[in-house]
Every structure is written in C-alpha cells, then in structure tokens.
Amino acid sequence: MSTATPVRSIAVIGAGTMGSGIALTAAQAGIHAFQIDVSKPALDKAKAGHAKSLARLVEKGKVTQVDADAALGRIRYVTEMSDAKDADWVVEAATENVEVKKKIFQLMQATFRADAVLATNTSSISITDLASAVGADAHRVIGMHFFNPVPIMKLVEVINGLATSADTTARTLALATAMGKTPVPANDRAGFVSNRVLMPMINEAFYAWMEGVAKPEDIDRIMLLGCNFPMGPLRLADFIGLDVCHDIMMVLYRELGNPKFFPCPLLRQLVQAGRLGDKVGRGVYELPAR
Ligand code: 3HC
C-alpha cells in the first residue's frame, strides 16, 4: 500500500470511549471498521452507542437514515483480532498501560498484513517505546492521538517514533484528513503537546479546589466564562476520567522527571475512592452514568 491508496478498512482495538469513537468516525467516512474487544459487553455497549449517536444525527437532520444505516453496516464487532486480519490499518486504543499495549502490538504484528500501519491512540506513552515491541516493524508504528468526543473533535495529534518511516507518516496524515480531521504533528515526548499542556492545568484546578481557592463549580465557571473554555477543567476531568488524568500525570512525572507533574493528592484520593468521573456517575460531580 502506498500513500496514494485510500484506506478501505481499519481495525480498532479496544471498544472504550476512544476506540468506539474512532470506529464510528471511520465508518461515517466510508471506511469499513472492525471494532475489536475481548469483552463482548464492551462491544455491545459500543454498538448501542453507535446506533444512538447516528439516530441523534438523523433526528437533527444532519445525516440521512440511509447514510446512518450504511455507516452502521460498515462496522463489524468482533472479539478476535484474527477476524480483522486483512484490514489496511490498525489503531490500538486499549487501556493506557505500557505493558498491555506492548503485548497488543506484538499480537498486531503477528496478525495483520506486513504493510498495515500499526497506529496507537496513546495519550502519553512514548511511541518509540511501544514500537520497540515489534522490532524491525517499528517503521510502521505511529501515534494517532484522537480527542474525545472523537466524532466532533477536529484534531489528530500525529507522533512519529524514532523509527517511523516517512511513508507511514504520509499515509497517516492522509487517513486523518480522509476521516475529516486536521492532523497536527508533535514530537515523541511524554504527553506530546496536548496532554503536556492540558493535564497540568487540570491538576492545578484540583489543587485550587483542595486549597479552598474556590468551590469546584466556581473554578469551572471562572474558566468557562473567563477563558471561554467549552467546559471547566474539573468538569473536563470527569468527562475524560479521573483515572485517565491521574495515569497521564504519572507518565509525565516519571518520563519528564519533574515533581511539578505529580498528581494532586485530591485527584489521587478521588481515584482511590473509585470516583472516576462520568463513566461511573461520580467524580468531582455527581453525574448520570453513561
Ligand atoms: N458524539 C457525537 N457528537 C457529540 C457528542 C458525542 N459523544 N457529544 C456532543 N456531541 C455534539 C452534540 O450533538 C452537539 O451537536 P449540534 O451542535 O450539532 O447539536 C454538539 O456536539 C454540542 O454538544 P452539546 O450541545 O450536547 O453540548 P456542548 O455544547 O456542551 O458540547 C462538548 C459538548 C462538545 C463535549 C464540549 O463541551 C467540548 O468541546 N468540551 C471539551 C472537550 C475536550 O476538551 N475534549 C478533549 C479531551 S482531552 C482528550 O480527549 C485527550 C485524551 O488523551 C485525554
């Protein structure tokens, strides 16, 4: 496959918030998507979410029923990676744990075609480190960092590892564009640009809350009204997941070796208490479970 060949099928590993958003976005762009997850309930949840999102778009008159049905028809929900082995492209969107991801990369290498790009949606882990799991295939490993909610956020942060080939980069830029996104490059440093900047701000909002500078609602209102944010930093933390924010801060702390990145004690405590945000219905705020 070369840069000029359009991607016809994409395998998305992981059916969580990000993986399911990537599969839906691909399907809406006319690309066949394999939604892969070892958990059948996770696949069922992703499928129901896809149907709901498309139904909402039809209701609003943004998508025709025919196009919505066609998009849904382009997604296959499978528990085995081998069911998607002929896909042109793979995006790993599994849990944010380097050892888990490396094992998945080795499986990807063993399963998919030798010319398939092996992309990762990691939010902070080194692409070079992940690529080390596949040895001589490191040239086809790249970071393709999508944002939540994937169907509407325009950015894909594109991160080359040390061995990523120019062809892999060019193909990734072309795919992101074909999916209706704007790809922007960033270098392979922990957190890249987005989370290097966003997460310390969110962490600081937890400090402001912990130190009593203002109530959570007021911290959020101040940033919303004063900085024109679409949602305040604490509301955004619930939306992203407090565990995800915590884990990204730990990657920044470990990799960049600076104590300023250590997660705020209050953020750590909420995570320990299982208050992980929207996905469990309780984080900084009480929220309806998704
Ligand atoms: N899927 C598809 N469309 C969605 C959606 C979803 N999950 N959620 C909202 N939308 C659509 C709505 O249908 C609506 O469309 P319309 O304008 O055509 O009616 C539009 O988005 C606006 O939604 P709402 O009116 O319901 O609510 P808001 O105006 O408050 O917008 C929001 C919701 C888009 C989530 C907005 O609050 C926002 O942009 N928040 C910030 C999100 C953000 O920062 N994301 C990045 C997180 S960091 C990340 O992902 C990186 C990772 O590594 C941590």
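In this predicted model, an oxygen atom of the ligand is found 2.7 Å from an N or O atom in the side chain of histidine 145. Such a pair is a polar contact, meaning two N or O atoms within 3.5 Å; within protein, one must be able to donate a hydrogen and the other to accept it, and residues adjacent in sequence count only if both atoms are side-chain atoms. Asparagine 195 uses its side chain, with an N or O atom 3.1 Å from a ligand oxygen atom. Taken alone, the ligand exposes 1,000 Å², and the protein buries 62% of that, with areas computed by the Shrake-Rupley method and a 1.4 Å probe. Around the ligand stand 18 residues, of which Lys60, Lys62, Ser123, His145 and Asn148 come nearest; a residue counts here if one of its heavy atoms lies within 4 Å of the ligand.

Residues are numbered from 1 along each chain as its sequence is written. Local features need pLDDT of at least 70 and side-chain atom pairs pLDDT 80 or more, while totals for chains, interfaces and linings use all residues, and side-chain values use heavy atoms, leaving out hydrogens and water.

Turning to the domains, the chain is divided into domain 1 (9-186) and domain 2 (195-279), with bounds from an automatic or database domain assignment. Their centres, taken over C-alpha atoms, are 26 Å apart. Contact (heavy atoms within 4.5 Å) links 5 residues of domain 1 with 4 residues of domain 2. About 520 Å² is buried between the two domains, 58% of it from carbon and sulfur atoms; this is the accessible area (1.4 Å probe) that both parts lose on being put together, summed over both. In domain 1, Ser123, Ser124 and Asn148 lose the most area to domain 2, together 61% of what that side buries. Across this interface the rule finds 1 residue pair in polar contact, both at pLDDT 80 or more.
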